[in-house]
Amino acid sequence: MSWFRKLNRKAGAVSRGVSYSSSPLLASKTPPWRSKFLVAMIGLGSVVLIGRALSIQVVHNQFYLEQGEKRYAHELDLPASRGRITDRHGALLATSVSVPSIWVIPKDVQATREQKRELAKLLGLPYAEIDRKLADTSSRFAWLQRQVDEPLWQQVKALGIKGVYETREYRRKYPEGEAAAHLVGFTDTDDNGQEGIELAFQRDLQGKDGSRVVVKDRLGRVVENIGDQVEAVDGRNIELAADAKVQSYAYQRVRDAVLEHKAKAGSAVVIDVQSGEVLALANYPSFNPADRRNLTGAQLRNRALTDTFEPGSTMKPFIAAWALDSGRVRPDTPIQTAPGSITITGSTIRDAHPHGVLTVAEVIQKSSNVGTVKMAMQMDRREMWELYSQVGFGQKPQLQFPGAVTGRLRPFKTWRPIEQATMSYGYGLSTSLFQLARAYTVFAHDGEVMPVSMLKQAAAATPPAGLRVLKPETARAVREMLRLAAGPGGTAPRAQTMGYSVGGKTGTAHKQEGKEYSSNKYRAWFVGMAPIDKPRIVVAVMVDEPTNGVYFGGDVAAPVFAQVVQQTLRTLGVAPDLDVKPQIMANGVAESF
Amino acid sequence: MTRVNMLLVLALILSSLYLVRTAYDSRRLFTDLDRAKNEAARLDTEQRRLEAERQAAATNLRVERTARERLAMRNATPAVTLYVSDSAASGVAR
């Protein structure tokens, strides 16, 4: 304790010695540089502050302006809608509608058991799932159901559950459904075209979203625009050449034929000969574009454009036409087809039914292989190749549509004589049904093969010029042969339809399986036109693997042709060119292939 | 001098009040306009939806099935159709 007392004593001694009135500090004079220094420091400080203020408010003010604006400005999206797809008369084939999607903030939800049960019932979800979604209070967002119908949202809203909201999304609707599914195609959830016209015209259909920056008040109302508004640009509407009625009718008839003949698939193509417009493009099996779960490749395939096959007998008219056009034969020139077979470099080509002497017209009418080969062998292989190429075989169709195939036509230099012979009656090359239909416009349009179009042509525009391949009189002569082929005594009397004259050619083939031809799988088709004197439409019908007993093109495909022609010409307002009376066609001949 | 100043102050106050009033009005009008535009957009989408629904209710497949099954109608054929040409029709009318 002694050090403590000592310290106390010391402190007492000091306090006693201080005299406040005469501090030496006060007595000493302040040196003048000190005040000057302080003033200088204060001045410098002011300069720094002014400089900083200048830098913020004048020089680098952009950043702060933006930050300030962010505190009260809101950017709103202006959604653009995707263009519509309509048929030639304006009937909607695809359109975008805005539909509600229901979402929740689980932690805000206050719902009674009763309300939850009601909600589950409305949404068609199990109660447990609703409960689970709402119970997860850690998440700030959960979809209840996306893209629901408007009335359903109204009902959900009427439940008055707090924390349940809607947001708007566009959903694509396809009113014509499965009938036009392959033609129109569909989009994915982000509105990108995936198939058909939706894909082909994606860039036109797609809109461009706009945006605007606004000031909102306390109640969330927009009170002012800031800056320029970027307008939303809606997608362009696409008007197809197709006629929804014809399309739907063709689809139904193909469907019926496929079901009736227990076939695997079928297709039909209808082309307006005057304008080259595609009036219908139907395939069965099809799908419902609105519900694309469990889709199979078979349903998605646009067979009319993507499936190729050997065109068989339907090629014979081209050979006859060229033989006529080049002056080698006349329609009544006799050709000896007995004994029903011909041998070319060791291979024998046969007719299914031996005929004897036939005129050129009869060769087509009876579909004689031997007669056709005899005409073809007079031609140079290059001539034949050029003819086939000009009407579009082995050429990619000039068509704004995804997936159209080229088919196969080998360069003529590699043709051996036997191949030239088989190609004359349609073997050794392949084509799609669409190419075949287009090729037949050469007969229907007086010797010109028409450019085809998926889009409606402007009414005022002159019809597009075709590529002249044959003389008009040749085309007329071949049409007469086609009329015979589809008449009594031809291979397809069932192609006849009431009131309209028709002409066309059937085809039937064993399906190719690997390198072999299958013995019991067939493909049947028919290509024709009507009315035959002044054709307005070309219709091609194909049925794949009919297994119900009959399999000839004349029995399976021709009736579909007849019905489609009847309905289409009626829809187009073409007056019948035949006197209407019940027509009896009893004695059709067996068809060969 | 004082009177002039007083007058100016009064004018200033009136002008300020008027400015406040105008700003308020313009915001209110803008809100109304915006609401009307939203309403137009809503009606537009509604129209699109209804059009799609109308088309879906009147697809050719459905019309044909209804005509055939409920109304027992058949396809018209040339056999039961009377064709008249335009000129003939106008002749009859006169």
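**A walk through the model**

Analyst: Ser81(A) lies in the loop between β1 (73–78) and β2 (85–86) of chain A. Helices (H or I, at least four residues) and strands (E, at least two) are DSSP runs, numbered from the N terminus.

User: Before we go on, what should I know about the model and its numbering?
Analyst: This is a predicted model, in which local features need pLDDT of at least 70 and side-chain atom pairs count only at pLDDT 80 or more, while totals for chains, interfaces and linings use all residues. Residues are numbered from 1 along each chain as its sequence is written, and chains are lettered from A and ligands numbered from 1 in the order in which they are written.

User: Back to Ser81(A): buried or exposed?
Analyst: Ser81(A) counts as buried, because it has 20 C-beta neighbours inside 10 Å. A residue is buried if 20 or more other C-beta atoms lie within 10 Å of its own, exposed if 12 or fewer, and partly exposed in between, with C-beta atoms placed from the backbone.

User: And what does Ser81(A) touch?
Analyst: Leaving out residues up to four places away in sequence, Ser81(A) touches Ser96(A), Tyr170(A), Gly207(A), Asp234(A) and Gly235(A). Two residues are in contact if their C-beta atoms, placed from the backbone, lie within 7 Å. Ser81(A) and Asp234(A) are 153 residues apart in sequence, yet 5.2 Å apart in space, C-alpha to C-alpha.

User: Let us turn to the core. Which residues have the most contacts inside the largest nonpolar core?
Analyst: They are Ala268(A), Val270(A), Ala320(A), Ile537(A), Ala540(A), Ala557(A) and Phe561(A), in a core of 138 residues. The largest share of this core, eight residues, comes from helix α11 (residues 244–260) of chain A. A nonpolar core is a set of buried Ala, Val, Leu, Ile, Met, Phe, Trp, Tyr and Cys residues joined through C-beta atoms within 7 Å.

User: Which residues does Ile537(A) touch?
Analyst: Residues up to four places away in sequence aside, the contacts of Ile537(A) include Val270(A), Ile271(A), Leu279(A), Met529(A), Val565(A) and Leu569(A).

User: How many residues of α11(A) are buried?
Analyst: 14 of the 17 residues of α11(A) are buried, so this helix is largely enclosed by the rest of the structure. From its first C-alpha to its last, α11(A) reaches 24 Å, close to the 24 Å expected at 1.5 Å a residue. The expected span of a helix is 1.5 Å times one less than its number of residues. Just after α11(A), Lys262(A) takes a positive phi of about 45°.

User: What about α23(A)?
Analyst: Helix α23 (residues 558–572) of chain A has 15 residues and reaches 21 Å, close to the 21 Å expected. Since 13 of its 15 residues are buried, α23(A) is also largely enclosed by the rest of the structure.

User: New topic: how do β13 and β14 of chain A pair?
Analyst: Strand β13 (residues 341–344) and strand β14 (residues 347–350) of chain A pair in the antiparallel sense over four bridges. Two strands pair if DSSP finds at least two bridges between them. Thr343(A) stands opposite Thr348(A) in β14(A). The two strands form a hairpin with two residues between them, and Thr345(A) in the turn has a positive phi of about 40°.

User: Now chain B. How many helices and strands does chain B have?
Analyst: Chain B has three helices and zero strands. Its radius of gyration is 35 Å, well over the 12 Å that the globule rule gives for 94 residues, so chain B is more spread out than a compact globule. The radius of gyration is taken over C-alpha atoms, and the globule rule is 2.2 Å times the number of residues to the power 0.38. The C-alpha trace of chain B spans about 105 × 40 × 15 Å along its principal axes, and buried residues make up 4% of the chain.

User: How many residues does each chain give to the contact?
Analyst: The contact takes 23 residues from chain A and 18 residues from chain B.
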